[in-house]
Amino acid sequence: MSHDSNCIFCKIVAGEIPSYKVYEDENVLAFLDISQVTKGHTLIIPKEHSTDIFELPAETAAKLYSVVPKIASGIKQTFNPIGLNILNNNGEAAGQSVFHYHMHFIPRYGQGDGFG
Ligand code: 5GP
Ligand code: ZN
């Protein structure tokens, strides 16, 4: 499995940096964002390192997305939001700051929830 020793999220996958895990299987890890935009803000990553969507193998994307509904349902049950944004930034110009492909799950609670 490809691993970048300078990558924060690869370190989280390897357990070298602690995280609050929401979901884990052989290929995918979901954990709470260190800086919660709203309550339950979660990041979903493939364990295998890819910088962004332009590098992400289709097979990795398929495995990742196959568990997206399950993770979304878990977030809904746990945090009881009234909506959920799923976002992905690719490239610095698009707001990407960690260069290991990831999706943001941002639970929404109505006007004034801090996002958007
Ligand atoms: P980006 O801006 O690349 O789309 O999102 C990167 C996200 O990673 C940010 O929301 C940031 O708060 C989060 N993040 C950065 N470093 C860490 C970390 O060490 N642990 C966790 N849980 N989240 C992190
Ligand atoms: Zn990585």
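User: Why does Cys10 count as buried?

Analyst: In this predicted model, Cys10 has 20 C-beta neighbours inside 10 Å. The cut-off for a buried residue is 20 or more, so Cys10 counts as buried. Cys10 has its place in helix α1.

User: Which residues is Cys10 in contact with, leaving aside its neighbours within four places in sequence?

Analyst: They are His3, Asp4, His49 and His100; a contact requires C-beta atoms within 7 Å. For Cys10 and His49, which are 39 residues apart along the chain, the C-alpha atoms are separated by 6.8 Å.

User: What makes up the largest nonpolar core?

Analyst: This core has 15 residues, of which Phe9, Ala30, Leu43, Ile44 and Ile45 touch the most other members. Two or more residues come from each of α1 (8-13), β2 (28-32), β3 (42-46) and β5 (103-108). The element that gives the most is α1, with four residues. Beyond four places in sequence, Ala30 is in contact with Val22, Tyr23, Thr42, Leu43, Ile44 and Ile71.

User: Which residues come nearest to ligand 1, and how many are around the ligand?

Analyst: There are 14 residues around ligand 1, and Ile34, Ser35, Asn89, Ser97 and Val98 come nearest. The shell divides into seven nonpolar, six polar and one charged residues.

User: What pLDDT does the protein average, and what ipTM does the predictor give the complex?

Analyst: The average pLDDT is 97, and 99% of the residues score at least 70. The complex receives an ipTM of 0.99 and a pTM of 0.97 from the predictor. Where pLDDT is low, predicted coordinates should not be read in detail.

Definitions and conventions:
Residues are numbered from 1 along each chain as its sequence is written. Chains are lettered from A and ligands numbered from 1 in the order in which they are written. This is a predicted model: local features need pLDDT of at least 70, side-chain atom pairs count only at pLDDT 80 or more; totals for chains, interfaces and linings use all residues. A residue is near a molecule or strand if its C-beta atom, placed from the backbone, lies within 6 Å of it. Ala, Val, Leu, Ile, Met, Phe, Trp, Tyr, Cys and Pro count as nonpolar, Asp, Glu, Lys and Arg as charged, and the others, Gly among them, as polar. pLDDT is the predictor's confidence in each residue, from 0 to 100. A nonpolar core is a set of buried Ala, Val, Leu, Ile, Met, Phe, Trp, Tyr and Cys residues joined through C-beta atoms within 7 Å. A residue is buried if 20 or more other C-beta atoms lie within 10 Å of its own, exposed if 12 or fewer, and partly exposed in between; C-beta atoms are placed from the backbone. Two residues are in contact if their C-beta atoms, placed from the backbone, lie within 7 Å.
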